[in-house]
Amino acid sequence: MPSPNPRILIAEDESGIADTLQYVLKSDGFTPVWCATAEEALAQFALEPPALAILDVGLPDLNGFELFKRLHALPGGAQVPMIFLTARSDEIDRVVGLELGADDYIAKPFSPRELVARVRTILRRSGRGQAPAPAAVPTPAAAASPQPFALDVERMQIRYYGRALDLSRYEYGLLRLLVQRPGRVFTRDELLQLVWDDASESFDRTVDAHIKTLRAKLKTIAPDVEPIRTLRGTGYALNEELPATP
Ligand code: CA
């Protein structure tokens, strides 16, 4: 199925600019995904590569050029068109950006309409505007082994060995991420960024506390199965090898 609303990743720390971008992209039929830091952008990108990425050169944690190189190195990263956005009108920035292989370069202040027009042109040129939604493609791990988890995104519900779990909003968000990428290690920071609305007001131990209550709920269904692996000092991952019956 072709995706009618291509995801556009926006890495921009100024919320005013990000709001404007999200608004024009949304009204033009795109699904914008806003990340205020390079770290968050890397996590989002790794989870699901977007159809296109818009990168601010002046980010707080990493400059846009460095972010570009890291995104490029991720699986599928080389296929994602990227546009640089910068307040600096330096010719040098323009040259560096285009030499790195960016698809376009836009100086602030810019016309949001013009930016969306360029996004459309680039997607048409790269043929990605009609790309199937990455979420619809099963991951090899999910296809290979029968999973005791069944995810129903529309109902925000997860079944475990056939039984519906009664989860809080954050427990659901955490388990959903883990179930969608069996084996993938998520750091506490990634989990905070991806599941919590305001990650800056939460802490690593918030993640640990919710994982603990989540595990307790899973144990009530399958007391001898431990589906969530802890990686000391790093984070969590879903166990890829789970018994077919509890
Ligand atoms: Ca900035």
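Is Tyr-161 buried or exposed? In this predicted model, in which local features need pLDDT of at least 70, side-chain atom pairs count only at pLDDT 80 or more, and totals for chains, interfaces and linings use all residues, Tyr-161 is buried, with a relative accessible area of 15%. Residues are numbered from 1 along each chain as its sequence is written, and side-chain values use heavy atoms, with hydrogens and water left out. Buried denotes a relative accessible area under 20%, exposed over 50%, and partly exposed in between (1.4 Å probe, protein chains only).

The chain contains 9 helices and 11 strands; helices (H or I, at least four residues) and strands (E, at least two) are DSSP runs, numbered from the N terminus. Of its 246 residues, 44% count as buried. The accessible surface of the chain is about 12,600 Å², and carbon and sulfur atoms hold 52% of that area; accessible areas come from the Shrake-Rupley method with a 1.4 Å probe, and for residues only the protein chains shown count as cover. Among contacts (heavy atoms within 4.5 Å) with a separation of 6 or more, 61% join residues 24 or more positions apart.

The largest nonpolar core has 30 residues. Such a core is a set of buried Ala, Val, Leu, Ile, Met, Phe, Trp, Tyr and Cys residues joined through side-chain atoms within 4.5 Å. Phe-149, Tyr-160, Leu-165, Leu-174, Leu-175, Val-207 and Leu-218 touch the most other members. At least two residues of this core come from each of β7 (157-160), α7 (169-180), α8 (188-195), α9 (204-221) and β11 (235-238), and the largest share, 6 residues, is that of α7. A second, separate core of 22 residues includes Leu-42, Leu-59, Phe-65 and Phe-68. In soluble globular proteins, nonpolar side chains tend to be buried together. Leu-165 touches Ile-158, Tyr-160, Leu-175, Lys-217, Leu-218 and Ile-221, with residues up to four places away in sequence not counted.

Glu-171 of α7 has a relative accessible area of 4%. Its side chain makes a polar contact with the side chain of Lys-217 at 2.7 Å. A polar contact is a pair of N or O atoms within 3.5 Å; within protein, one must be able to donate a hydrogen and the other to accept it, and residues adjacent in sequence count only if both atoms are side-chain atoms. Not counting residues up to four places away in sequence, Glu-171 touches Asp-166, His-210, Thr-213, Leu-214 and Lys-217.

The calcium ion has Asp-13 (OD), Asp-56 (OD) and Gly-58 (O) as protein donors, at 2.2 to 2.4 Å. Donors are N, O and S atoms within 2.8 Å of the metal (3.2 Å for Na, K and Ca); water is not among the atoms, so sites may look incomplete. Along the chain, the donors follow the spacing D-x42-D-x1-G. Asp-13 lies in the loop between β1 (7-11) and α1 (15-27), and Gly-58 in the loop between β3 (52-56) and α3 (64-73), so the pair ties together parts that are 45 residues apart in sequence. Both are partly exposed, Asp-13 at 31% relative accessible area and Gly-58 at 36%.

In α1, the buried residues are Ile-17, Ala-18, Leu-21, Gln-22, Val-24 and Leu-25. These pack against β1, β2 (31-35), β3, β4 (82-86) and α5 (112-126). Just after α1, Gly-29 has a positive phi of about 90 degrees.

Tyr-161, in the loop between β7 and β8 (163-164), has a phi near 50 degrees, a positive value in a residue other than glycine. Most residues other than glycine have a negative phi. The C-alpha atom of Tyr-161 is 6.9 Å from that of Thr-245, 84 residues apart along the chain. Thr-245 is found in the segment after β11 and counts as exposed, at 57% relative accessibility.
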